[in-house]
Amino acid sequence: MSMEREELEAMLVFLANDTLEGDERLEVETAVAADPNLAEELKVLKGIRATMQAEDDGIQTPGEFGLARLKRDIKASKRMIQPAQSTGLWRIAAVVAVGLFAAQTLFLVSQPGVEDYILAGEEQRLEFALQAGFVGTATEADIRELLLDAGLVIVDGPSAIGIYTLSAPDADAQSAALERLQNRPELVEFAEELQ
């Protein structure tokens, strides 16, 4: 049984790799010896095989390549992390952050008027407080303008029934503010001192 030309050309790869045996090998070698084109093709295939074997020492399989890449990335990440740990860069950043926080706190405490603020949820006894309720047609702008003119600050409210707790800076201001609120019936439904 003799091989067709296409079969002979396909078998040249196996001959170049030295994996053909028996009658197949003998038939392909005979055809190569008789045909200079097949001989040239075999020569090229053997050259490619030799080049690949020479490079094979440097070539890794996909699994080996992936493992080598992973090891390289781990080494690179250790180099990036190591200087920060050895120099204590994070400690320096923490000290700077704490210093900025302390400076900001001191700045805010030293500002005039900061003592007028009350922490949310903190129980405070209001010395100069008023309670007031506003008519339903009073707008937010009208109420704000009235409270600013009277020197009052909203401390609480409105409650479920619309009552506001207001604070004045001192006793005289409290009395003057109460009188001012009571003289505005178009906005104020009621106003009284908080007991």
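In this predicted model, helix H6 spans residues 140–150, and its buried residues are Ile-143, Leu-146, Leu-147 and Ala-150. These residues lie on the same side of H6, because the arc they cover around the axis is only 95°. Glu-145 and Leu-148, on the other side of H6, are exposed. After the helix comes Gly-151, with a positive phi near 75°.

The buried residues of H6 pack against strands S1 (129–134), S2 (153–156), S3 (163–167) and S4 (188–193), and also against helix H7 (171–182). The four strands form an open sheet in the order S2-S3-S1-S4, paired in the antiparallel sense. S2 and S4 are the edge strands; each has a single partner strand, so one side of each has no neighbour in the sheet. On average, neighbouring strands are turned by 35° against each other, direction ignored.

H6 lies across S1, S2, S3 and S4, and runs at about 155° to S1. H7 also packs on the sheet, where it touches S1, S3 and S4, and its direction makes about 160° with that of S4.

Another contact involves helices H1 (residues 5–16) and H2 (residues 22–34), whose axes are 10 Å apart and meet at an angle of about 110°. H1 is therefore roughly perpendicular to H2. From H1, the contact uses Leu-8, Met-11, Leu-12 and Leu-15; from H2, it uses Glu-24, Arg-25, Glu-27, Val-28, Glu-29, Ala-31 and Val-32. Of the residues in this contact, seven are nonpolar, four are charged and none is polar.

Terms used
Residues numbered from 1 in each chain as written. Predicted model: local features only at pLDDT ≥ 70, side-chain atom pairs only at ≥ 80, totals over all residues. Heavy atoms only, no water. Axes fitted to C-alpha atoms, helices over the stretch in contact; angles between N-to-C directions. Helix = DSSP H or I, 4+ residues; strand = E, 2+ residues; numbered from the N terminus. Parallel < 35°, antiparallel > 145°, perpendicular 65-115°, else oblique. Contact = heavy atoms within 4.5 Å. Nonpolar A, V, L, I, M, F, W, Y, C, P; charged D, E, K, R; others polar. Buried < 20%, exposed > 50% of the residue type's maximum accessible area, 1.4 Å probe, protein only. Arc of directions from axis to C-beta. Pairing = 2+ DSSP bridges.
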